[in-house]
Amino acid sequence: MSQPLQLPLSVQLRDDATFANFYPGANDSLVNMLDLEKCPEGIEPESFLYLYGASGSGCSHLLQAACHQSDRLGMRSAYFPMQEMVDYPPRILEGFDALDLICLDNIEAIAGHRMWEEAIFNLFNELREGGKRLLVAGHCPPRQLPLELPDLISRLSWGLVFHVQPLGDNDKVMALRLRAHLRGLDLSEDVARFILNRSPRTMQSLFDVLARLDGASLRAKRKLSIPFVKEVMSW
């Protein structure tokens, strides 16, 4: 078995991309399926899942969380953001079928790159034959991907396909409070709703606001109140 090549790009997992700080909302069943530590004893996890959702829905977070967990459990994994990978020759994937988990993010980026489509098709088959796990994420269902290789579209449709549902306002409040709690911050529901009503509503924007407030709270040694948030954010 050939060894994986050294990647010529810096692919790093976000430290905060874990299952613990992902608020599932309507995606609870998906998270439970991805989280190996929630898998009932004696039950093998699904070997292939395809996730799709709009930008910011959490697909990338979940793929990276799966890699973090695999590494912590002593298994080997790799996360590939395909929008970056297509600038390199597909042979970069050689040997990665030996790993326990491969995560391919933004799969639509390879559309029209015939050699990359064939490489992913071959990787899928190799992982399946080896009993390895593959998680793929895209912006649309497999059948809607503008791929040139029909067999790859077919393969991507073989496993379980999940639409990652975006969080509603109430869920965003809960997600913000969960992230604050994990930072050691006491964020009341009123303050969380105040932030939601004044910040851009993407989860990344909300978490960026929270990180800024965390630093300001630590420096000023003040709790997160509405007046304090107004002062820090100039709202």
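Modeller: Let us start with the idea of a contact, which means that heavy atoms lie within 4.5 Å. Please also keep in mind throughout that this is a predicted model.

Colleague: With which residues is His163 in contact, once its neighbours within four places in sequence are left aside?

Modeller: Leaving those neighbours aside, His163 touches Asn27, Tyr52 and Gly53. His163 itself belongs to strand S5, residues 160-163, and with a relative accessible area of 37% it is partly exposed.

Colleague: Which pattern does the protein follow when it is read along the sequence?

Modeller: The pattern is α-β-α-β-α-β-α-β-α-β-α-α-α-α, and it is made up of nine helices and five strands. The C-alpha trace spans about 60 × 40 × 30 Å along its principal axes, and 47% of the 235 residues are buried. Of the contacts between residues at least 6 apart in sequence, 72% join residues at least 24 apart.

Colleague: How many of the residues of H2 are buried, and what do they pack against?

Modeller: A residue counts as buried when its relative accessible area is under 20%. In H2 this holds for 10 of the 14 residues, so the helix is largely enclosed by the rest of the structure. Among them are Cys59, His61, Leu62 and Cys67, and the buried residues pack against helices H1 and H6 and strands S1, S2, S3 and S4. After H2 comes Gly74, whose phi is positive, near 85 degrees.

Colleague: What covers the buried residues of H4?

Modeller: The buried residues of H4 include Trp116, Ile120, Phe121 and Phe124, and their cover includes S1, H3, S3, S4 and helix H5. H4 is followed by Gly131, which has a positive phi near 70 degrees.

Colleague: Where is a positive phi found in a residue other than glycine?

Modeller: Lys221 has such a value, near 55 degrees, and Ser234 has one of about 60 degrees. Lys221 sits in the loop between H8 and H9, and at 76% relative accessibility it counts as exposed. Ser234 lies in the segment after H9 and is exposed as well, at 64% relative accessibility.

Colleague: At what angle do the axes of H8 and H9 cross?

Modeller: The axes of H8, residues 203-220, and H9, residues 226-233, come within 10 Å and cross at roughly 105 degrees. The two helices are therefore roughly perpendicular to each other. On the H8 side, the residues that meet H9 include Val209, Leu213 and Ala216, while Phe228, Val229, Val232 and Met233 take part from H9. The residues of this contact divide into eight nonpolar, one polar and one charged.

Colleague: How many aromatic pairs are there, and how are the rings of Phe80 and Phe96 arranged?

Modeller: Rings pair when their centres lie within 6.5 Å, and planes over 60 degrees apart count as edge-to-face. By this rule there are four aromatic pairs. The centres of the Phe80 and Phe96 rings are 5.1 Å apart and their planes stand at 85 degrees, so this pair is edge-to-face. It links distant parts of the chain, because Phe80 is in strand S2 and Phe96 is in the loop between H3 and S3, 16 residues apart. Phe80 is buried, with a relative accessible area of 0%, and Phe96 also counts as buried, at 6%. Elsewhere, ring pairs link Phe48, Phe124 and Trp158 into a cluster.

Terms used:
Residues numbered from 1 in each chain as written. Predicted model: local features only at pLDDT ≥ 70, side-chain atom pairs only at ≥ 80, totals over all residues. Heavy atoms only, no water. Axes fitted to C-alpha atoms, helices over the stretch in contact; angles between N-to-C directions. Helix = DSSP H or I, 4+ residues; strand = E, 2+ residues; numbered from the N terminus. Parallel < 35°, antiparallel > 145°, perpendicular 65-115°, else oblique. Nonpolar A, V, L, I, M, F, W, Y, C, P; charged D, E, K, R; others polar. Buried < 20%, exposed > 50% of the residue type's maximum accessible area, 1.4 Å probe, protein only. Phe/Tyr/Trp six-rings, centres within 6.5 Å; stacked < 30°, edge-to-face > 60°.
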